[in-house]
Every structure is written in structure tokens, then in C-alpha cells.
Amino acid sequence: MKTLNVLIFVTCCLFVSEPSLAQVASSTISQKDLAFFESKVRPLLVEKCYQCHSSKENSAEGGLLVDSREALLQGGESGPAVIAGDVKASLIMKAIQYDSPDFAMPPLDAGGKMSAAEIEIIAKWIQMGLPDPRKRTANTQQYQDYKEAKKWWSFQPMKQPVVPNSQSTWASNNIDRFVEKAGTEKGLKPGPDASWEVLVRRVYFDLTGLPPTIDELTRFEQDVLRDGLDKAFEACVDQLLESPQFGVQWGRHWLDVARYAESSGREVNVTYPHAWRYRDWVVDAFNEDKPYDQFLREQIAGDLLPSNSPAKKADNLIATGFLAVGSRALNENNPKQFAVDQADEQIDAVFQASMGLTVGCARCHDHKFDPIPQTDYTAVAGIFLSTKTHFGGSSGRQDRHTTDHIALPSGSGQNVVIKAKSPSEIAKLQKELDEVNAEFEELRRSVMQNMSAAKSGANASPNIDRNYIRQRNQLEQRKSELTTTLEQYTDKGEPIALAMGVSEKQPETKAAKNIRKMVSKNGSRNRSSFLSISDSPVFARGDIELPGERVPRGVPPSLGSSSKYDVPEDVSGRLELARWITRDNNTFTARVAVNRIWSHLIGQGIVTSLDNFGTTGAAPTHPELLDYLALQFVAEGWSNKKLIRQIVLSHTYRMGSNFDESSFTIDPENSFLWRMNAKRLTGESIRDGILVASGSLDSAPAIGSPIAAMGAGRVERAMQMAGRNFRGLQPVEPNSRSIYLSLARSALPELLELFEAPDANAVQGRRDSTNVPAQSLYMLNSPWVASQARLIAQRIEDAVPGPMVESAEGRIDYAYRLVLGRTPNSQEREIAMKLFKSLGANPDVILSSFARGLIASGEYRSID
């Protein structure tokens, strides 16, 4: 208890304040919540509820409308339909769960009770607080008029703006001239520059995700004294851009967008032991400064691109892991439903990641806001339904959709994380698999005989069904383990490098096409599970049991197309789609990329809705600057590093985050950049920064991941077999960068989860940033943080030896530079001296408590 009180005292008394960024919950809906509503909730409400409870249908049975948040909260004759955040108290839950036969929705004559999965969607939505962009007074006709919607700024061609003239000495490049012009028009003046200590810490974290070491701070200070701040900072930026840690930081940003995780998530959470190859490909792509258009093309259609070596072929195949690492419902009974859902997830990821468009909202009906009809969605759906996704999985009764992995070409130089086996070991495993298959066949035969005997009146075991299920599950589990193991080896026992990714399905045969046409002509439902390349039908209300006319595969015609991107009959169309997305005159792709980079560096996007450039998203605060940067981005070869360098060398980036009351009155959101936005560190940077301070960080790239070492299987079972605790970041975790930790869905390390690492269920260009008690409590009470604080204390003691009293001031200064990257002021030093005296003579207790207080401070977790 004494130690805890000391830590709280340190945290409260040190003049290390919380970040000055706005961390109060915003009234706007986060992109993650909006995506959940648009892809899950809205289609469900439209299909199940609108017929009887919407203004569009002029129907409000029981006085209830469900077509806006306000209407749901107001409710009908029975009272409020929903209590935001309280699932049990919400009447709508009682209705859809059929708690009472007299209070059940939808009624039996209107489709009947929702499925358990659909009920769970509504429950989750309520628990989230009912995020809902619909407005009761919305003019829906406006959004049905696609001609009007296409006037939205993002659908307009990019135009080369005239760079403003600037008479001041403040602007150092064209970025500053655009920012200065916009601010001046609002009556704003740029704030003062950040100190060199703040600036160097900012740029280190922004470019590498790591803080500067004391040696690096000292070297930078010497460079400033010798060459001046401008030259020293430029040299520092160039050095960081070439650091291998640059790819780790910016690769992690993209992995948020790519919804990267190492398991399937959802009800049956199965590991992805080969996902790490895609992670490493992304890191390498940023370090190599791979042109962004090529970066996108390889992820969408790398398997279809030419390659001149086994290594390049392997890289292209690994890149398509982007399409395979998403979440999926492996317990879905209907193969056709699974295929359609998987394609929908891929469509949503591709278009939001590359173009910031919610094309997935047109799955069940024409898009309500953007000019994307359902036929456009269906044209794209045919592309992905003609694509085979290799995600792995494990067989077993609940996982019904196991696939193989992609075997990478030999001679590609890819690492493997498993040891070789002898040929005899492989033969033994193959023999066991053959025996399991034979036993399974014998079990099936015996059940069939028993059923025949029962029908004929002969005696039959009453427990046959139960025994069969138990034996079948055991055999399937063992078959899964053996198949997964054998997939990774040649017959000689040599390890095979495997990857997640996609490939083309086979073209539809003439016979299959004739059968499909005949079935369609007879009015029968086509129950094909999309086994070959073919066009997709329009599914009425998104229901696979209601197929309509087939739509030729292709890019969305309403978003601009030409015969150049027509899809040949015998290919999926992914390559054509990739080329269409990355064409130089696409009005979205370059703007979206530039805006995300700007947001990571400046703290907010020029367009604040990073993943939504549609009509429900935000308009740009600096439209001319956005087009200037986007066009330059394309002209300079889609280079991420060149763009980042230009932004961080601007005067805009070098401003301090100082508060100014008059500027705040004019622009409280800092939309026009009169100061720098303070930013909260990501969980990864918080953890990695602590390891830097303690001297424990291993910055070398990891080969594989903890998940890869565990192998395929259910996440819970893999954890048990490996004896690992995914819920806490234990000292036994490797001291590598956090990007290399185990990242299974719903099983993130505790520190990353507390500091808003994405759940990887949707594209997320910007992370949420909160400041809640659980975060501070973790920093104060975590055994891992305590162990790192002791290592920091030892470093302080080693660097500034001597008796505690005589060395106290030097140790305080060293601790501040080690943890916070700056020297303390006189008041901070005085308070720390009083703390040292109050803790007695034990230097270990004093220094570790002091170090932990610095780590737990708000300043450590933020970048000014």
C-alpha cells in the first residue's frame, strides 16, 4: 500500500501534465461505429423492420418508427424502444427475442423471429450507445438523386491549385503557404515554434514509433549548436526515413487499415499462423518506399502480376494476404452464404482502404447516400466471388470452411518457423491420417447400417447419435491436426513456406454454364456456392435465396469506367479492378492516401472522416492543399517517404501545441492549424518506449510470431496448449517491437487493448483516443511496468553513481531525459528532491518509484 501511495504521489505531484488534446467523447460517430451500423445494422432494420415502422413506408405501427436514432429513443405507445447502452432495459430486445407472444417483432407473418446472429447485432449496437447517422429530418430524396450526389467534392477531378503568395518569413514551403492563407482568412496567426526537445521527440515517435535515446538527444543538440536547428532537423529527418524502424511504424498504420489480425475472430476464433508473412511484407514495403499505387495493386491482384524471380513471385503472393486476413464466420452452415459474406468483407476492405468509400452499403439496396447502385456492388461482388481465398482454418464441426494455404515457390528465400522432419516421421503422420480417414468412413458406414436396421424394425442402439457425434468430433479434430501439419512439409520432411492470400478460381465450364442457365430459365433457385469464375446475381435485400438477374463482373460503372478496364470472361477481374483503383486520375485514391499520412503527422486529417470520402463524410478544411499534395504525390511516383519528408519539414509541423485564447475562440477545434495538435501515443509506442527507456528493446525484426509458434487451431485451445496468457502482457513476452506480439482477435495483450489497438473487424485509418482510469491503473499496478521501472532505476543508478543525496539532482535530470526526452525545470526538480527525501535511503525504492511515476504520467503518453 505504501508503494502504491508513493506512485500516486509521484504521478500527481510531478509537473508532468496530461496531454492538452481534446479527449472528451465526440458527438460525431467514429468511423468504426459508422462502418458497423452501415454494414450490419441498417440492412437488418431495412429488411426486418422498415415495412411496418418507417416514414418511407408511411407506416408506424404502435406509434413506433425505427428509421432514426431519435425515433427509437422516443419510441411508440409502449414507451422508448431503446435505452442506449442498456441492452436488458431496451424494449426492442424483448420484442425481437420473442419474450412474449403478444409483443414479438418481426411478426410471424412478416418473416418471423430474427436469427441469433441478427439479435446479437442489435444487442451490440445498443451496447455501443446506438451510433446512428440517420436524421429524422433527413431528405432521403437528395441521396436517391445520384446526379446531385455526384456534385460532392470527392467525386470532382483533382485540380492543380495556384500556390498562394506569402509575404511573411514564416512559410518554409508550399504547405505553409496554403495553411497560412487559410488561417489568415479566419483571422488566425501561427503559434510559436516547439522547442528543439519537443520537436525531436515528436519526429522520432512520428517516423519510427520510438523515442530518441539520451545519446541521440545529445547528438542532435550538438548538431543544432554546430549547424543550426534547420539543418540539424533536416538531417535528423533523413536519417529516420532510412531507419528500419520507419517501416515498423508506418507499416503498423497500414495494418490498422488492412484490419490485420492473426485469427478469424467471431464465434469460432481460429488462429492464422501464417498471417505474419503479410505483416512483414507491409513493413518491408514501407522501408523500400514501394510506390503506393504498386503497393495497392499487389495487395489486390499480386498473384496476377508478372514476376521475374521466385522471390518476387513470393512477394506478390504474400501481398494478397490483405484479402485473406479479415474476420469471417467459420461456423456458417450455408457455403453460399459464407462465400457471399466473405466477398462482402473483401469489398468493404478494398474500397474503404483505397478510396474511402463504403461500397458495402449497397449490398442489400442502392446506396442511400453515395451514387452507388446495388448493380455496381454486384458487379464487384462477382470479381471476389470468382476469387479463391486461402485463409487456412482448422476442420472441426464448428469450423466448416477450412482452406489450404498458398505454397510459396522454392528458392524464394522465405523464412520458415518450423523444424524439418525426417521422411519416416512424415510417412508415419501420413499413415495415421489414412487410418483416421478409414476409421471415419467405417464410422459413417456403421451409422448408416444402424439407421437401416432401425427403419426395418430391428434393434438399434438408442445412443448411436450421441456416440457418433462424439467419435466424429474426435476424428475430425485429429484429422485437422494431421492435415495442417502435413501441409507444411514435403514428402522428404522439408518445411514448406506457406502464406495466406488469394488466387483465381477456374473458369466456368460450358456444361456448368448451360446447367445454370437452364435452372434459371425454369425459375429454380441457383444454389451454386460460386465454385468457378462467374457473374453474381443481384440478391434482393441481400438475401441469397432471392437471386435476380446476373450482373457482368466489372469496376463500378457509376464511379467512372472505360473499356480499358473491361473484365475478360475467363478471369475474375481483380487485376482490372486494381488498375482502375490506382489510375492516376482516380479522384479518391491519392487524396485518401495523402489525407491519412497528414492525419498521422498533424494529428487530424484535412478530411476528418479518414475512411469515408462519401457524402456522409466531412468536407476538407484545406481543399486546395489536399489537391496540391495529392497531385504532387502522383507526380513524384506515389512516394510515401517524399510526402512525409515534405510535411515534417514544413513550419506547420514544427509549431508548438501552446494554447492561445484568442485563436481558440475563433477556431476551438484547431481546424485551421494555428498550433500543432498534441497526440496520444499508440499502445505500441507506449510499450516500445518503455522498453527503450529500460534498455530492453530488441529492435531486430522478429521471424514469425507467437501465434505462428502455436500453430493452427481455436485461439482458446492454442493458448492452453502453449501455456500463454493473452490477456496480460507478461515479462515472458519477447522484448521485440509490439508489432511482432501475438495479435489474435478478441485476445490482444492487455496494454494494447487498453490503449485502443483496433479490433481488426473493419478498416480503421484513425484510432480512438481516450483517457480513462483503467489506463492509469494499469501503468501503476502492472507487474510488467514494475519490472521495467526497476530496470530504468538501475540504468539511472549506473549512469549517475554515488551516494543518494549527492547524486540526486543528476539522477533526476537523467531520469527526465531518459523517459520524457527533456530536462526538468527548477520546480519539477525541487518536488522530485522532496520526494526522494520522503522515501528514505533505499535507492532502489526511490528510483523505481520515481521511474514508474514518470512512465505513468500524461506527458509520457503524449506527443506535444
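Across residues 1-9, pLDDT stays under 50. pLDDT is the predictor's confidence in each residue, from 0 to 100. For that stretch the model has 10 contacts beyond four places in sequence, where contact means heavy atoms within 4.5 Å. Residues 137-144 also sit below 50 in pLDDT, with six contacts in the model beyond near neighbours in sequence. Over the protein chain, pLDDT averages 85, and 87% of the residues score at least 70.

Ground rules, quickly. This is a predicted model: local features need pLDDT of at least 70, side-chain atom pairs count only at pLDDT 80 or more, and totals for chains, interfaces and linings use all residues. Residues are numbered from 1 along each chain as its sequence is written, and side-chain values use heavy atoms, with hydrogens and water left out.

Now the overall picture. The protein chain has 35 helices and nine strands. Those are DSSP runs numbered from the N terminus: helices are H or I with at least four residues, strands are E with at least two. Of the 864 residues, 55% are buried. Buried means under 20% relative accessible area, exposed means over 50%, and partly exposed is in between, with a 1.4 Å probe and protein chains only. Take the contacts with a separation of 6 or more: residues 24 or more positions apart account for 71% of them. The accessible surface comes to about 37,600 Å², and 52% of that belongs to carbon and sulfur atoms. Areas come from the Shrake-Rupley method with a 1.4 Å probe; for residues, only the protein chains shown count as cover.

Next, helix 22, residues 574-581. Why call helix 22 largely enclosed by the rest of the structure? Because seven of its eight residues are buried. They are Arg574, Leu575, Glu576, Leu577, Ala578, Trp580 and Ile581. What do they pack against? The partners are helix 15 (292-301), helix 17 (335-355), helix 18 (374-385), helix 23 (589-602), strand 2 (387-390) and strand 5 (501-504).

Helix 15 deserves a stop of its own. Glu298 has its place there. Glu298 is buried, at a relative accessible area of 2%. Set aside neighbours within four places in sequence, and Glu298 is in contact with Trp281, Lys290, Leu305, Lys312, Asn316, Ala319 and Thr320.

Glu828 is buried, with a relative accessible area of 2%. Glu828 and Asp813 are 15 residues apart in sequence; C-alpha to C-alpha, they are 9.9 Å apart.

For contrast, an exposed residue. Gln127 lies in helix 6, residues 116-127. Its relative accessibility is 51%, so Gln127 counts as exposed. Beyond neighbours within four places, Gln127 is in contact with Gly85 and Val87. Val87 is 40 residues from Gln127 in sequence, and 6.1 Å away C-alpha to C-alpha.

Last stop: a helix pair. The axes of helix 24 (residues 623-635) and helix 25 (residues 640-648) come within 9 Å and cross at roughly 145°. Axes are lines fitted to C-alpha atoms, for helices over the stretch in contact, and angles run from 0 to 180 degrees between N-to-C directions. Which residues make the contact? Helix 24 supplies Tyr628, Leu629, Gln632 and Phe633; helix 25 supplies Asn640, Leu643 and Gln646.

That's the tour. Over to you.
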